[in-house]
Amino acid sequence: MNAIEELAAKQGFECMGTCDAKKLVARPEVRAMCSVDKCRVYGRSWACPPACGDIEDFERLMHEFDHCLVVQTIAELEDEFDIETMGEASELAKERMISLTQALDEAGYGATTKTFTAGTCTLCSTCSYPDEPCRFPDKQLVSMEAAGLVVSEVCTLAGIPYNHGPLTIAYSGCVLY
Ligand code: SF4
């Protein structure tokens, strides 16, 4: 395990895998899915499309790195309608990514890494979009999907499951380095 993987492991992620960052593809189809606005944040956050930037720029950025470490928070559900556990796991996944980003900064890797989360930015109770600039442009949480990544595809590249079986939920984020 290298130093970045060790910092990630300390956050408690249940599953991790690494792939070549230069193989990551930002796909326009993912943007098309975002624009359907199932998650109710499309066009409502600086960290989500369309405000977060073009996928071509994201792909260019990703290819500046050598490795992509995928990290997953996994929870077991009581049944397929266990919304409470899904919400708790989603929050935990965000907390872990924020904590990991902080740990990377403190260890001196801030300038040489880039993190993507699962789900929209929740750093502020209400996003300032579009009336005021982002309050924390350096810390805002951009999801893998907002960057144009197909999460299942990245998991496959990293050699880990996207779906961990019936009655489980997995939230994936990644660190590029
Ligand atoms: S940091 Fe705050 S203002 Fe910026 S994208 Fe996140 S929620 Fe919005």
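The model is predicted: local features need pLDDT of at least 70, side-chain atom pairs count only at pLDDT 80 or more, and totals for chains, interfaces and linings use all residues. Residues are numbered from 1 along each chain as its sequence is written.

The C-alpha trace spans about 40 × 40 × 30 Å along its principal axes. Five helices and four strands make up the list of elements. These are DSSP runs numbered from the N terminus, with helices being H or I of at least four residues and strands E of at least two. Their order from the N terminus is α-β-α-α-β-α-β-α-β.

Of the 177 residues, 38% count as buried. A residue is buried if 20 or more other C-beta atoms, placed from the backbone, lie within 10 Å of its own C-beta, exposed if 12 or fewer do, and partly exposed in between.

Helix α3 covers residues 55-62, and Ile55, Phe58 and Met62 are buried there. Seen down the axis of α3, the buried residues fall within an arc of 55°, so they line one face of the helix. That arc is drawn from the directions from the helix axis to the C-beta atoms. Glu56 and Arg60 are exposed on the other side of α3. The cover over the buried residues of α3 includes α2 (28-35) and β4 (168-176).

Terms used:
Two residues are in contact if their C-beta atoms, placed from the backbone, lie within 7 Å.
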